[in-house]
Amino acid sequence: LSTDLSRLDSSMADLYSRKRSGSTGSANDRLTRAQRTWLSNRERCSRRIDMDGCMKRLYRARIGELGG
């Protein structure tokens, strides 16, 4: 990973962890489903020519969704 992607990954992981620890029941289920969808989209980015740009856009969007 590039330095930028590494930082984005750390930020997203921290936000996700905090959000997950603060949710229960159906909210936790929704958060898990959304994260799995995000991971699937991230996997698609890895097969694109513009992988770095695609990944950065996905990370920034997910960080925004998680409240970062």
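The questions and answers below concern a predicted model.

Q: How many helices and strands does the protein have, and which pattern do they follow along the sequence?
A: The predicted model has three helices and zero strands. Read from one end of the sequence to the other, the pattern is α-α-α.

Q: What share of the contacts with a separation of 6 or more comes from residues 24 or more positions apart?
A: The C-alpha atoms fill a box of roughly 40 × 20 × 15 Å along the principal axes. Among the contacts in the protein with a separation of 6 or more, the share from residues 24 or more positions apart is 58%.

Q: What percentage of the residues in the protein is buried?
A: The accessible surface comes to about 4500 Å², and carbon and sulfur atoms hold 48% of it. Buried means under 20% relative accessible area. Of the 68 residues in the protein, the buried ones make up 29%.

Q: Which class of aromatic pair do W38 and Y59 form?
A: The count of aromatic pairs comes to one. The ring centres of W38 and Y59 are 4.9 Å apart and the planes stand at 70°. Planes over 60 degrees apart count as edge-to-face, so the pair of W38 and Y59 is edge-to-face.

Q: Which handedness does the link of C45 and C54 have?
A: A search of the whole structure finds one disulfide. This disulfide joins C45 to C54, with S to S at 1.8 Å, and both cysteines are buried. The angle about the S-S bond is -65°, and the link is left-handed.

Q: Which residues touch the most other members of the largest nonpolar core?
A: The largest nonpolar core has 14 residues. Elements giving two or more residues to this core are α1 (3–21), α2 and α3. Beyond its neighbours within four places in sequence, M12 is in contact with Q35, W38, Y59, R62, I63 and L66. The residues that touch the most other members are M12, Y59 and L66.

Q: What span does α3 reach from its first C-alpha to its last?
A: Helix α3 has 15 residues. At 1.5 Å a residue, the expected value is 21 Å, and α3 comes close to this with a reach of 21 Å.

Q: Which elements are included in what covers the buried residues of α3?
A: The buried residues of α3 are C54, M55, K56, L58, Y59, R62 and I63. Their cover includes α1 and α2.

Q: Is K56 buried or exposed?
A: K56 lies in helix α3. Not counting residues up to four places away in sequence, K56 touches S2, D4, L5 and L8. Its relative accessible area is 16%, and the cut-off is under 20%, so K56 is buried.

Q: What distance separates the C-alpha atoms of K19 and L31?
A: K19 is found in helix α1 and is partly exposed, with a relative accessible area of 39%. Leaving out residues up to four places away in sequence, K19 touches L31 and L66. K19 and L31 are 12 residues apart along the chain, and their C-alpha atoms are separated by 8.2 Å.

Note on methods. Residues are numbered from 1 along each chain as its sequence is written. This is a predicted model: local features need pLDDT of at least 70, side-chain atom pairs count only at pLDDT 80 or more; totals for chains, interfaces and linings use all residues. Side-chain values use heavy atoms; hydrogens and water are left out. Rings of Phe, Tyr and Trp (its six-membered ring) pair if their centres lie within 6.5 Å; planes under 30 degrees apart count as stacked, over 60 as edge-to-face and the rest as tilted. A disulfide is a pair of cysteine sulfur atoms within 2.5 Å. Buried means under 20% relative accessible area, exposed over 50%, partly exposed in between (1.4 Å probe, protein chains only). A nonpolar core is a set of buried Ala, Val, Leu, Ile, Met, Phe, Trp, Tyr and Cys residues joined through side-chain atoms within 4.5 Å. Helices (H or I, at least four residues) and strands (E, at least two) are DSSP runs, numbered from the N terminus. Contact means heavy atoms within 4.5 Å. The expected span of a helix is 1.5 Å times one less than its number of residues. Accessible areas come from the Shrake-Rupley method with a 1.4 Å probe; for residues, only the protein chains shown count as cover.
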